[in-house]
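Subject: Handing over a structure, with notes

Dear colleague,

I am passing this structure on to you, and I would be grateful if you could look through it with the notes below beside you.

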Amino acid sequence: MLDALIVEPLQTADSAVIWLHGLGASQTDFEPVAQMLQPKLRSTRFILPQAPTRPVTVNGGYAMPSWYDILEMSANKRAINQQQLEQSAEGVMQLIEQQRDAGIDPKRIFLAGFSQGGAVVLHTAYLRWSGPLGGVLALSTYAPTFSPELQPISTQRPAFVMHGLFDGVVPPAMGQAAFQQLQAWQVESRWADYPMQHEVHPLQIKDIESWLEQHLN
């Protein structure tokens, strides 16, 4: 089971968001965002897991929090350690099961991820998790395992894909490619971009709040 920081809601929890951080980051990174969302999402629990620390090839083998090793990268592509991605997906599915067993309807459990964390939640939601799911928030990310030759496990889980117009870490085209594949699979999906780099924007947080409210009510 992944180590996770739990941000409990203001009221009894009846929904949950499992939110994965990016490469080299920490489970505390999105704690302030969770706290900003809770005044409106008063019964939503936020689960913030921590990635294991491991060597990352493209960073000279330096060990850092990482959901999987990145072996090679170019402008619009990443070569990754698929086995480590699968291990991270397993960890996310265990967290879904944990929340389900705690009484949260899986249709009210959402996966969110920033950058590398977003790649994990997209893979988990559409290619691994076969049960019900509320939906996916994909922030400044890409989908290294998406392919036109594959069929998703389920299309009945909406996605909100967001990206910075000036993102120099994960180019916007990589986010657009993930969004376009979701649309090709006929997943209910929405795209939004923001005047930012590889980060989170205040307007984006408001949009996330509205999107979650819409799908929880």
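Predicted model: local features only at pLDDT ≥ 70, side-chain atom pairs only at ≥ 80, totals over all residues.

Residues are numbered from 1 along each chain as its sequence is written, and side-chain values use heavy atoms, with hydrogens and water left out.

I begin with the aromatic rings. A pair of aromatic rings is described by how far apart the centres are and by the angle of the planes. Here rings of Phe, Tyr and Trp (its six-membered ring) count as a pair if their centres lie within 6.5 Å, and planes under 30 degrees apart are called stacked, those over 60 edge-to-face, and the rest tilted. The structure holds eight such aromatic pairs. One of them is formed by Trp19 and Phe46, whose ring centres are 6.5 Å apart and whose planes stand at 35°, so this pair is tilted. It links distant parts of the chain, since Trp19 belongs to strand β2 (residues 15–20) and Phe46 to strand β3 (residues 44–49), 27 residues apart; helices (H or I, at least four residues) and strands (E, at least two) are DSSP runs numbered from the N terminus. Trp19 counts as buried at 1% relative accessibility, and Phe46 counts as buried at 0%.

Phe110 and Trp211 form another aromatic pair, which is edge-to-face, with 5.8 Å from centre to centre and 75° between the planes. This pair also links distant parts of the chain, with Phe110 in strand β8 (residues 109–114) and Trp211 in helix α5 (residues 202–216), 101 residues apart. Phe110 is buried at 1% relative accessibility, and Trp211 is buried with a relative accessible area of 3%. Ring pairs also join Trp19, Phe30, Phe46 and Phe114 into a cluster.

Next comes Gln50, which is found in the loop between β3 and β4 (53–56) and counts as buried at 18% relative accessibility. A polar atom of the Gln50 side chain lies 2.8 Å from the backbone nitrogen of Gln27. Leaving aside neighbours within four places in sequence, Gln50 is in contact (heavy atoms within 4.5 Å) with several residues, among them Leu2, His21, Gln27 and Trp67.

Strands β6 (residues 70–74) and β7 run antiparallel and are joined by four bridges, where two strands pair if DSSP finds at least two bridges between them. A hairpin connects β6 to β7 through two residues, and Glu72 has Ala79 as its bridge partner in β7. Strand β7 (residues 77–80) has a covered face, made up of Arg78 and Ile80, and an uncovered one, made up of Lys77 and Ala79.

Finally, two residues other than glycine have a positive phi. For Ser140 the value is near 50°; this residue is found in the loop between β9 (135–139) and β10 (159–164) and is buried, with a relative accessible area of 0%. For Gln186 phi is near 65°; Gln186 is found in the loop between α4 (172–184) and β11 (189–194) and is exposed, with a relative accessible area of 68%.

Methods: Buried < 20%, exposed > 50% of the residue type's maximum accessible area, 1.4 Å probe, protein only. Polar contact = N/O pair within 3.5 Å; in protein donor to acceptor, adjacent residues only side chain to side chain.
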